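The following exercises concern one protein chain and are to be worked with its coordinates at hand. Each task is followed by a solution in steps.

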Amino acid sequence: MRRAATPVPEAAPTAHDSFLSPGAAGRPVRRPVRRLARRLTRRRTTLPALALALAALLTLTGQVAAWGADAYVPASEREVVSRVNVARAAAHLPALRVEGRLTRVARWRSRDMAVRGYFSHQIPPTSVRVMDVLRDRGYCTRSVGEAIGWNNESPAVATARMLRMWMDSPPHRAILLGKQYVRIGVGAYRTSDARTMWTLIVVRPCT
């Protein structure tokens, strides 16, 4: 299935992955991920095969432990920031500094989209945007950029996959590498159906 990208005004494009239906009005199509346990119950598996599967799972124990269902994923949030700053350094741009207030709003955005089942820069029911949310919380900004996305990749590749999609999209790349931005906040929220909702916010504060 081809990727769909819908640029939106105010320098806040939406990042879509291959699991988003282009004609679904911005709503993600949920496709259950086949788990290893299901595969094993549907076929006759020898003891050596079971042992091999268990060994493979154990090698990912430390990584998967951080990916609980219906929970934020701080390690992935930090990885996004690190990768963005590496890309900015390669473009001879200063690193973005993480700000707690932006991280809290980004996390709220990711969880809100996951829980309420929408995928948009316009927040229902009033269609406000993240810059409105920041203003209402007393955060004065000169410029704001937001990138959102979701995927249901395995924990081992989900973060890199999201970054690659953003960097491969010119509107999103312009946000990540925007010269005007100096602060960043990232929110990653993993749901019980193995989806991860992502929100990245970059700003230049008033002061």
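**Exercise 1. The disulfide**

Which residue does the disulfide join to Cys140?

Solution.
Step 1. The model is predicted: local features require pLDDT of at least 70, side-chain atom pairs count only at pLDDT 80 or more, and totals for chains, interfaces and linings use all residues. Residues are numbered from 1 along each chain as its sequence is written, and side-chain values use heavy atoms, with hydrogens and water left out.
Step 2. Apply the criterion that a disulfide is a pair of cysteine sulfur atoms within 2.5 Å. The structure holds 1 disulfide; the partner of Cys140 is Cys206, with an S to S distance of 1.8 Å.
Step 3. Since the torsion about the S-S bond of Cys140 and Cys206 is about -70°, the disulfide is left-handed.
Step 4. Cys140 lies in the loop between α6 (130-136) and β3 (141-151), and Cys206 in the segment after β5 (196-205), so the pair ties together parts 66 residues apart in sequence. Helices (H or I, at least four residues) and strands (E, at least two) are DSSP runs, numbered from the N terminus.
Step 5. Classify accessibility: buried means under 20% relative accessible area, exposed over 50%, and partly exposed in between (1.4 Å probe, protein chains only). Cys140, at 46%, is partly exposed, and Cys206, at 22%, is also partly exposed.

**Exercise 2. The packing of α4 with α7**

At what angle do the axes of α4 and α7 cross, and which residues meet?

Solution.
Step 1. Axes are lines fitted to C-alpha atoms, for helices over the stretch in contact, and angles run from 0 to 180 degrees between N-to-C directions. The axes of α4 (residues 74-90) and α7 (residues 158-168) come within 10 Å and cross at roughly 40°.
Step 2. The two helices are therefore oblique to each other; angles under 35 degrees count as roughly parallel, over 145 as roughly antiparallel, 65 to 115 as roughly perpendicular and the rest as oblique.
Step 3. List the contacts (heavy atoms within 4.5 Å). Ser76, Glu79, Val80, Arg83, Val84 and Ala87 of α4 meet Thr159, Ala160, Leu163, Trp166 and Met167 of α7.

**Exercise 3. The surroundings of Val186**

Is Val186 buried or exposed, and which residues does Val186 contact beyond its neighbours within four places in sequence?

Solution.
Step 1. Val186 belongs to strand β4 (residues 183-190).
Step 2. With a relative accessibility of 3%, Val186 counts as buried.
Step 3. Apart from neighbours within four places in sequence, the contacts of Val186 are Glu77, Val80, Val81, Thr103, Ala106, Arg107, Thr199 and Leu200.
Step 4. From Val186 to Ile148 the C-alpha to C-alpha distance is 9.8 Å, at a sequence separation of 38 residues.

**Exercise 4. Backbone geometry in loops**

Which residues does a cis peptide bond join, and where does His92 lie?

Solution.
Step 1. The cis peptide bond joins Pro124 and Pro125, with omega about 5°. Pro125 is in the loop between α5 (100-116) and α6.
Step 2. His92 is located in the loop between α4 and β2 (97-98). Phi of His92 is near 60°, a positive value in a residue other than glycine, and His92 is exposed at 73% relative accessibility.
Step 3. Ser127, in the loop between α5 and α6, has a positive phi near 65°. At 41% relative accessibility, Ser127 is partly exposed.
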